[in-house]
Structure formats: C-alpha cells, structure tokens
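This report is written for a reader who is meeting the structure for the first time. Please look over the sequence and the model below before reading on.

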Amino acid sequence: MNELKLNNRRTILVGLAFLSICSFWQMYDNLIPLILKNTFQMDESLTGAIMAADNILALFLLPLFGGLSDKCKPGRLGRRTPFILAGTAGAVVLMNLLPMLDNSYFQQAAPFKLVSFVIVLGLLLVAMGTYRSPAVALMPDVTPKPLRSKANAIINLMGAVGGVLYLGISVLLYPAAKTRGMVHVDYQPLFVIVSLIMVLAVAVLLLTIREPRLVEENRSLEQKHPEWNLAEDDGSGGEVLPVPVKKSLIFLLASIALWYAGYNGVTTWFSTYVSQVMGEGIGGTNTCLMVATVGAIVSYIPIGILASRVGRKKTIQAGVVLLAACFLAGYLMTSHSSEITPLMYAAFALVGLAWAAINVNSLPMVVEMCRGSDVGKFTGYYYTASMTAQVITPVLAGTLMKHISYQILFPYAAFFVAMSFVTMLFVRHGDSKAEIKTGLDAFGDMED
C-alpha cells in the first residue's frame, strides 16, 4: 500500500516545534521549584500551588487555542504556524526576565521583585499556552490516521531530544561538585541557551514546512478513505461521536489524567526530593532525568512499530505496568541509599521506555476518534485531561511530602499509574493499525 508511507524527514521537521516546547518545560519543571524554594523561601505546598498554575491556565488555554487554530482561516502560513511563531516569540522574551529577577532578589530582597517574578511567570505561561495545542495538532494535520502512532513516536523523539539538550547542558554547566554548598546559583546561562534552542528550532520549522500544501494533501488522502473516520458530521461541521466511541474517549481521557498524575508528581518534585532525601544537587538529579530521556529516545521508534503490530492499547498497558513497577523500585532504592547508584540509572532508563510506550500512543488514540477538521479541538481534550492531573498533583504530592514524608513520592506515583491500567480496560476504540514493514524495510520510507 504505497500511499501509506510515513514521510520521516517531514515528521522530524514538524517535530521541531515540540522539541522547543519540551526543552522549555524540562527546564521549567527542573529549575522553577528550586528558585521558589531556595531564593524566595517558599514551602512545599506554596511551591506546588505555583507549579500547578501553568496547568490551571492550560485547562483553559489549550482547548481554547486548539479550537481557535481549527477555525482560523488558513493564510500563507497555514492555521497552526502563526500561533507557533507568536507564542515562541513572547515566551523567549519573558523567560529571560525570570533569572534576572531571581538574581536581583537574592542580592537584595524586596516584595516588588517577588511580585514581578510571579507576574512575569504568569505571562510566560500564557505565552506557552497559546501555541502548545496548535504545535501538537500540526502532526495529525499532515499525517494519515493509520500512521499517527509512528509519527507520534518521531514527534516524541524530537521532544525528548529537546529535553536531553537542556539536561546535558545543565549537567555540564552545573555539576554537583560545583553547586554543592552554594547559597545561590545563577541560572541565567541556562535560560539564555534554552531560548536560543527554541528560536532555532522554530526558525527551521518555518523555513522547511509548508503547512497549507501539506494539510491539503493529507485531507485529499483521507477523503479517499472514509473508513478511517469514527465520528459523524452533524451537518454543520460539528463532531458527533457514537455513544460507544464517546465512552471510549471518556475512559481514555481518565487514563491520561491518572498516569499524568503519577508521572508529573515525580517530574515536578524529583529535584527537590533528591536534594532533601539524598543530598544530591541539580547535576545528580539531571543525570537521572537525562538517563530516563535517553531511554525514551531509543524506545520511541521501536514502540511505534510495536504499537502497529500489537495495537496501541496493549502497548500502553504494558508501559503502564512497567512504569508503576519502576516507581515502586525507585522508592526502595532511594530509601536505602544516600547516593545515586548505577541501579537507579537502570531504573530510570526503564522509566523512559515505559513513558515512551504510553506517550507515543495516547494522543493518536484520542485524535483517531475525530474528523480532520477537529484535530485541534480533540488535541485540546487530550491536554485538558493531562493538565487537570498536573493542576492537582504538584499540590497534592507536595502537601503529602510535607506532612507525611518526602519518601511518599514514589508510592504516590505508582498508585495513580496503576489506576490508569484499570480505566484503560474500558477503552474500545482508537486502536488503528497500519501496514508494517520489517527489518531494513522499516527504514525504507525515509523520503525527501
């Protein structure tokens, strides 16, 4: 079936937007809790509340701007690209103000500096929220439905590359030997470097991807395959899901919320957790996170192929089981060691594999249930579910860590991930498969 060949080169270029987003959020989750706690002297509950603010905003912004980009009249740049350009520009300017305010407050504390930091942080989160859904929706816009797990594997691979770029740079600039015992760390170089990564990635995307033409090509292809559509048109361009499909969508969104509650609880608090429980600085923390990200990177393409063979649902369920087991292992290892060990690195590599199995397939399952004209809206549903969890979990996990013990973090995460396995049992739709190539033929679709 020659027409169902994934254009890998084009998908990689589309993934540059996600690379820039993930590079930013890796830095944000890694540094902002440390700045709030160490510079502004906030406790775990207040830090968790501020860390949840981006997710509260995202509950409104991601569906809003996903839907707006659906309805946007395609211009010379298309529907999604203008949002990507404007959001990136605003974020790059605002993010570089944060370390300046952090350093200034440390040198001479003043209430207006704290207020300024919070205001700039809020504006930055708005800027990021304006283009995340449009950026993610660009992939299904230009990719046939049966190939979206493979394409999403590449998109997630690009996102992981963005995370690794940040983590690798941070490990080089801030090794544990350099930061141990320091009262205050200047993170300005990291913010500058990440902003440059974002600008470069989006510039290449703009120069290489012609969104209107690619969208029209994909739309023409999907019109030839009406069997790909699970949804029905209500006659006015709106989406009407059959009742069984709607039930599957609800349980799938519940599953997404549950595994994000567990996973984001760890990613939000891990740097603080390792500092408090094991006495390690940002260098040791980021080495663990980088190992997990590398584990995901080497897994994304095989996971995409596996999902096409055995189905998206089974692949997700396997990832859920592995992720819950890894978090339980993390609890045992960090409870009985005062330093990061090679066994912990192995566990984090498996965390990356497990998260790849989940993440590669969940968004394609959601957008599988809609028509092409509503991809942005359904992408917004996906992010509403994930962000709802991420609103709650920083505050809830932080409060439990404060009032019970820091060591509650990994059991907390394992519980929520395990619950997502139960809800996935009730998902019956969105599990499309594509024709599979094996051996070297799996790499034969690399096109210009």
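This is a predicted model: local features need pLDDT of at least 70, side-chain atom pairs count only at pLDDT 80 or more; totals for chains, interfaces and linings use all residues.

Residues are numbered from 1 along each chain as its sequence is written, and side-chain values use heavy atoms, with hydrogens and water left out.

Helices, like strands, are DSSP runs numbered from the N terminus (H or I and at least four residues for helices, E and at least two for strands). Two packed helices are described by the angle between their axes and the distance between the axes. Here axes are lines fitted to C-alpha atoms, for helices over the stretch in contact, and angles run from 0 to 180 degrees between N-to-C directions.

| Helix pair | Axes come within | Crossing angle |
|---|---|---|
| α2 (residues 16–38) and α3 (residues 44–71) | 10 Å | roughly 150 degrees |
| α8 (residues 148–173) and α10 | 11 Å | roughly 150 degrees |

The angle makes α8 roughly antiparallel to α10, and α2 and α3 are likewise roughly antiparallel to each other; angles under 35 degrees count as roughly parallel, over 145 as roughly antiparallel, 65 to 115 as roughly perpendicular and the rest as oblique.

Contact means heavy atoms within 4.5 Å. Between α2 and α3, the contact is made by W25, Y28, D29, I32, P33, L36 and K37 of α2 together with E44, T47, I50, M51 and D54 of α3. These residues divide into 7 nonpolar, 1 polar and 4 charged, where Ala, Val, Leu, Ile, Met, Phe, Trp, Tyr, Cys and Pro count as nonpolar, Asp, Glu, Lys and Arg as charged, and the others, Gly among them, as polar.

In the other pair, L165, Y166, I169, S170 and L173 of α8 meet P189, L190, I193, V194 and I197 of α10, and the residues of this contact divide into 9 nonpolar, 1 polar and no charged.

Helix α10 (residues 188–208) also has buried residues, among them L190, V194 and I197; buried means under 20% relative accessible area, exposed over 50% and partly exposed in between (1.4 Å probe, protein chains only).

A356 is found in helix α15 (residues 342–367) and is buried, with a relative accessible area of 0%. Leaving aside neighbours within four places in sequence, A356 is in contact with A296, S299, Y300 and I303. The C-alpha atoms of A356 and A153, which lie 203 residues apart along the chain, are separated by 7.9 Å.
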